[in-house]
Amino acid sequence: MANFEQTFKNIDDLLYKDSGADSEIDYIEQTSWVLFLRYLDSFDKNREDEAILEGKNYTAILEPKFQWETWAAPKNEKGEIDIHKALIGPDLVKFVEFELFPYLASFKEKHIDNPKTIEYKIGEIFSELSNKIKSGYNMREIINMVDGLPFGTSVDKHELSHLYETKIKNMGNAGRNGGQYYTPRPLIRAMIKVMNPKIGEKIYDPACGSAGFLCEAYEYLYEKMEKTAANLEQLQDNTFFGKEKKNLAYIIGTMNMILHGIEAPNIVHTNTLGENIRDIQEKDRYDIILANPPFGGKERIEVQQNFDIKTGETAFLFMQHFIKSLKAGGRAAVVIKNTFLSNTDNASVALRQHLLETCNLHTILDMPQGTFLGAGVKTVVLFFTKGEPTKNIWYYQFDAGRNLGKNNPLNDADLEDFLKLSVSKPETEKSWNLSIAALSSRAESRGEVSNYDLSVKNPNKPEEAPLREPALILEEMQTLDEETNEILGTLNELV
């Protein structure tokens, strides 16, 4: 790990000195394309080796001129980079910008009929990317460093994917730290454990960002399943699906999944909310949805027309998309602002009613402030199953016993109690049940129409000890002072 870590740090230092890359976001974007091409080289060689073993002919993905060992890392007899053949300085930048990138971008058009292939992904990624490394000497050093990374074993790939995750976590400047791209992995893992996906189920994240949910779900399934050829193929090709609107997040998400072992990720670069939910058919539906949609965005009127409940709030439009995109009996675990539970505007009330009537919202996990870096909002996780109305909701109020933040992040042990209790859903000091029938009848008894207020109100929280009168506190302080003086007197006599 140290080797990888040091290399990443050295690359960041070079990018910091370069005039073209301005921020942590640029650093990961530029590191990504170099890493991707190095990965592609290793992927292609493995494919070629497999073909030779099977006695088949193999055609490399890239033409010789654009292969890693031709332009990036030509080697001499000793296996070192041949400085006489390797491009450097302005020649290298010119080649990358005017030949390499346009060639790779052309793969999108060439393979448009097979969007699930790695060839099409290459075209998509390089249609979106541009090189920002302006010094060909810095670029040469970066390429040499990446060439030196071991890519061969699954242990290497695992370490690299772990480090890439760390870079995503650290990404962010000007207050955009993490929140936009990064959901804490312990929270994702807990959500997946509650969902308990099985091989053969389709898992979907319509706002996948850096693909954290899909990568963790892959790890979970890979660990648990029987490693048959059919299962491995199912996992590669027909299990994980994502959509992402933003260029960079799309690239990082694709790269992240590739590093985790998914060769041609099913991530589509599109605005999910641009789809009319009335057009979603059974063939478009999924068994499991895992998501943390963007909060606080404001969608234009024409986008709102795609939904039955009109609202400008991005996350509330996504909620409608989730419900519509689940198969009957499908399960979802999604992060949302806690105001979703109590907002009194018409759209919020209608959306809660729709959720409660069409899905069984069986669990709400209430998360504290500080769970998400750089996002000053309180969130809840909703767990629901489509196809039956909600009768009872089990709430769990998570408390880490410390202030969560950059230097004190969430960890897996923090959520063990929630996972254990979520099976039997008992009443404890941290958890309670809410009956939807009782909620409705309470409103009726007041002569009101229920607004389905689901706010987090813990009825089992132990009462805090009442504050004592100041006179009693002063009296106790005086008594303690007298006792201290007595002890000091005894000690003086002994001395």
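**Core and helix packing**

In the largest nonpolar core, which has 102 residues, Trp33 and Trp71 touch the most other members. A nonpolar core is a set of buried Ala, Val, Leu, Ile, Met, Phe, Trp, Tyr and Cys residues joined through side-chain atoms within 4.5 Å, and buried means under 20% relative accessible area (1.4 Å probe, protein chains only). This is a predicted model, in which local features need pLDDT of at least 70, side-chain atom pairs count only at pLDDT 80 or more, and totals for chains, interfaces and linings use all residues. Residues are numbered from 1 along each chain as its sequence is written, and side-chain values use heavy atoms, with hydrogens and water left out.

**The cores**
- Helix α2 gives the largest share of this core, 11 residues, where helices are DSSP runs of H or I with at least four residues, numbered from the N terminus.
- Leaving aside neighbours within four places in sequence, Trp33 is in contact (heavy atoms within 4.5 Å) with residues including Trp71, Val96, Phe101 and Met139.
- Another core, of 44 residues, lies apart from it, and Ile280, Leu341, Ala347 and Ile436 are among its members.

**Two packed helices**
- Helix α2 (residues 24-53) packs against helix α12 (residues 247-260) at an angle of about 40 degrees, with their axes, lines fitted to C-alpha atoms over the stretch in contact, lying 10 Å apart.
- Residues of α2 including Ile25, Ile28 and Tyr39 take part in this meeting, and on the α12 side Leu248 and Ile258 are among the partners.

**The whole protein**
- Of the 495 residues of the protein, 50% count as buried.

Definitions and conventions:
Axes fitted to C-alpha atoms, helices over the stretch in contact; angles between N-to-C directions. Helix = DSSP H or I, 4+ residues; strand = E, 2+ residues; numbered from the N terminus.
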